[in-house]
Amino acid sequence: MENTITSKRKAYSAVEKAALMAAYKASGLSKKEWCHENAIGLSTLQRWLQHEKSRTSRNRYKTGFLSSRLRQNDQPASKYKSANAKLP
């Protein structure tokens, strides 16, 4: 008789991961206890939490604004008399 492993990894959607991480955080349990009770691998939860942490730290500095500097010879738009004036 041949010994084969037929179990497959469960694929979690982003929504499922977010819900499970929120449930872990609200539980007050240790990672190990929570994972045992919810049949999730400890390394899986740790990986999800690490990805979440790195995503939030990357996004912390993204404001969506670009800095703008005038060159020495450039004039601010308010110097032009008409809104239809041709800018250099």
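The lining of the largest pocket is made up of five nonpolar, two polar and four charged residues (nonpolar takes in Ala, Val, Leu, Ile, Met, Phe, Trp, Tyr, Cys and Pro, charged takes in Asp, Glu, Lys and Arg, and polar the others, Gly among them). The model is a predicted one, with local features needing pLDDT of at least 70 and side-chain atom pairs pLDDT 80 or more, while totals for chains, interfaces and linings use all residues. Residues are numbered from 1 along each chain as its sequence is written, and side-chain values rest on heavy atoms, with hydrogens and water left out.

Back to the pocket itself. Its lining consists of R9, K10, A11, Y12, K17, A39, I40, G41, T44, R47 and W48, and its volume is about 170 Å³. Helix α3, residues 42-59, is the top contributor to this lining, with three residues. Here a pocket is an open set of points on a 1 Å grid over the protein atoms alone, where a 1.4 Å probe fits, with protein on both sides within 12 Å along at least five of seven lines; lining residues have an atom within 4 Å of a point. The volume is the space filled by probe spheres set on the points, which are joined across faces, edges and corners.

As for the fold, the chain has three helices and zero strands, so the order from the N terminus reads α-α-α (helices are DSSP runs of H or I with at least four residues, strands runs of E with at least two). Of the 88 residues, 11% count as buried, that is, under 20% relative accessible area with a 1.4 Å probe and protein chains only; over 50% is exposed, and in between is partly exposed.

Two aromatic pairs turn up in the structure. In one, the ring centres of Y12 and W48 are 5.1 Å apart and the planes stand at 80 degrees, so the pair is edge-to-face (rings of Phe, Tyr and Trp, the last by its six-membered ring, pair with centres within 6.5 Å, and planes over 60 degrees apart are edge-to-face). Y12 sits in the segment before α1 (14-27) and W48 in helix α3, 36 residues apart. Y12 is partly exposed at 23% relative accessibility, whereas W48 is buried at 6%.

Y24 and W34 also pair edge-to-face, at 5.9 Å centre to centre and 70 degrees between the planes. This pair joins helix α1, which holds Y24, to helix α2 (residues 31-38), which holds W34, 10 residues apart. Y24 is buried at 14% relative accessibility, and W34 is buried at 4%.

Definitions and conventions
Rings of Phe, Tyr and Trp (its six-membered ring) pair if their centres lie within 6.5 Å; planes under 30 degrees apart count as stacked, over 60 as edge-to-face and the rest as tilted.
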